[in-house]
Amino acid sequence: MTLTADRTEPAVTPSLAELDAHDISAWFGDHKVLDRVSLTMPAGQVSALIGPSGCGKSTFLRILNRMHELVPSASLAGEVQLDGVDIYDPSRKLIDARRQIGMVFQKPNPFPAMSIYENVIAGLKLTGMRKSRDEKDALVEECLTKGGLWKEVKDRLRAPGGGLSGGQQQRLCIARSLAVKPRVLLMDEPCSALDPTSTRVIEETMLELVNDVTIVIVTHNMQQAQRVSQKCAFFLASHGTPGVIVEHGDTEAMFGDPQDPRTFDYVNGRF
Ligand code: ADP
Ligand code: MG
């Protein structure tokens with residue numbers, strides 16, 4: 001099977017949500033790390049964020065689900081909207097934003113001593129979702145299937161999550177994110193710590209998942225960005241200036257016909 005992102009317009013189902021960042025600036029103390037970044041991440045598509053280390057991609061991703069607020073020195077200007085609703089609206093609960101916008105990190109971080117089964121449903125308690133035993137069983141199967149892991153683990157759901165391979169642990173983390181029914185999944189270099197085969201499996205998983213959740217992925221792998229994403233944004237912070245988006249648009253155009261010479265150099269490995 002050739003692995004490529006579906007370039008046709010998505011059939012947008014009601015649960016799929018668009019994420020919009022408007023004029024985002026961010027600081028750690030006095031250090032400004034993002035300057036007026038705006039980006040629309042369309043419903044039911046994969047948006048890839050690319051750019052050199054230190055240009056604010058992870059910071060931007062964390063701002064998209066309010067994880068930025070966990071750093072005491074961090075401050076922020078601008079707006080993030082999920083389907084037109086401000087996720088920073090003070091009258092809305094933080095946990096609500098986090099439930100709707102899940103995150104998967106570079107290093108797989110399942111709870112190692114907890115069983116595979118318990119790992120998948122670990123987020124339910126946090127978000128106050130109550131389920132019967134049968135509902136939990138069904139949810140675990142559904143999420144592990146969507147995460148591309150069910151067949152490999154269905155006979156050992158009570159084994160500890162820490163016993164899985166790195167690639168399997170990452171898919172377990174994806175399954176865990178899915179259990180609270182997020183509308184967006186943020187993925188910060190999810191394959192950087194994985195071997196090529198596991199990377200491929202995760203990419204295939206993403207291409208299936210995007211029918212259910214909007215995906216934003218940070219990647220340093222230019223082939224991966226081209227394989228999985230429909231939209232792409234190139235971040236850059238030159239000579240100590242805060243990160244900006246130099247160019248964004250359809251992935252095919254960004255790689256095939258970049259408009260800015262800096263994008264051309266970056267996507268062609270000349271950085
Ligand atoms: P990227 O993901 O593109 O490599 P980051 O968002 O991690 O970039 O970092 C952007 C800038 O913000 C860097 O200069 C980094 O040192 C700084 N930074 C990131 N996280 C923190 C933090 N928790 N406290 C202080 N500075 C930070
Ligand atoms: Mg980063």
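Helices (H or I, at least four residues) and strands (E, at least two) are DSSP runs, numbered from the N terminus. The structure is a predicted model, in which local features need pLDDT of at least 70 and side-chain atom pairs count only at pLDDT 80 or more, while totals for chains, interfaces and linings use all residues. Residues are numbered from 1 along each chain as its sequence is written, and chains are lettered from A and ligands numbered from 1 in the order in which they are written.

The protein chain contains 11 helices and 10 strands. Its radius of gyration (taken over C-alpha atoms) is 18 Å, close to the 18 Å given for 271 residues by the globule rule (2.2 Å times the number of residues to the power 0.38), so the chain is as compact as a globular protein of that length. Along the principal axes, the C-alpha atoms fill a box of roughly 55 × 45 × 35 Å. A residue is called buried if 20 or more other C-beta atoms lie within 10 Å of its own, exposed if 12 or fewer do, and partly exposed in between, with C-beta atoms placed from the backbone. By this criterion, 43% of the 271 residues count as buried. Two residues are in contact if their C-beta atoms, placed from the backbone, lie within 7 Å. Among contacts between residues at least 6 apart in sequence, 71% join residues at least 24 apart.

Attention may now turn to ligand 1. The residues around it (those whose C-beta atom, placed from the backbone, lies within 6 Å of it) are F28, V33, S53, G54, C55, G56, K57, S58, T59 and V71. Helix α1 (residues 57–63) gives the most to this shell, with three residues. The shell divides into four nonpolar residues, five polar and one charged; here Ala, Val, Leu, Ile, Met, Phe, Trp, Tyr, Cys and Pro count as nonpolar, Asp, Glu, Lys and Arg as charged, and the others, Gly among them, as polar.

Helix α5 (residues 133–146) illustrates how a helix may be examined. The buried residues of α5 are L139, V140, C143, L144 and K146. Seen down the axis of α5, they fall within an arc of 155° (the arc of the directions from the helix axis to the C-beta atoms), so they line one face of the helix. An α-helix has 3.6 residues a turn, so residues three or four places apart point the same way. The buried residues of α5 pack against α3 (116–120), α6 (150–153), α7 (166–178) and α8 (196–209), whereas the face turned away from the buried side carries the exposed residues D134 and A138. Just after α5, G148 takes a positive phi of about 75°.

Two further residues have a positive phi although neither is a glycine: R36, at about 45°, and E189, at about 50°. R36 belongs to strand β2 (residues 31–41) and counts as partly exposed because it has 13 C-beta neighbours inside 10 Å. E189 lies in the loop between β7 (184–188) and α8, and it counts as buried because it has 21 such neighbours inside 10 Å.

Finally, D83 is placed in the loop between β4 (74–82) and β5 (85–86). With 15 C-beta neighbours inside 10 Å, D83 counts as partly exposed. Not counting residues up to four places away in sequence, D83 touches A17 and E18. The C-alpha atoms of D83 and A43, 40 residues apart along the chain, are separated by 8.8 Å.
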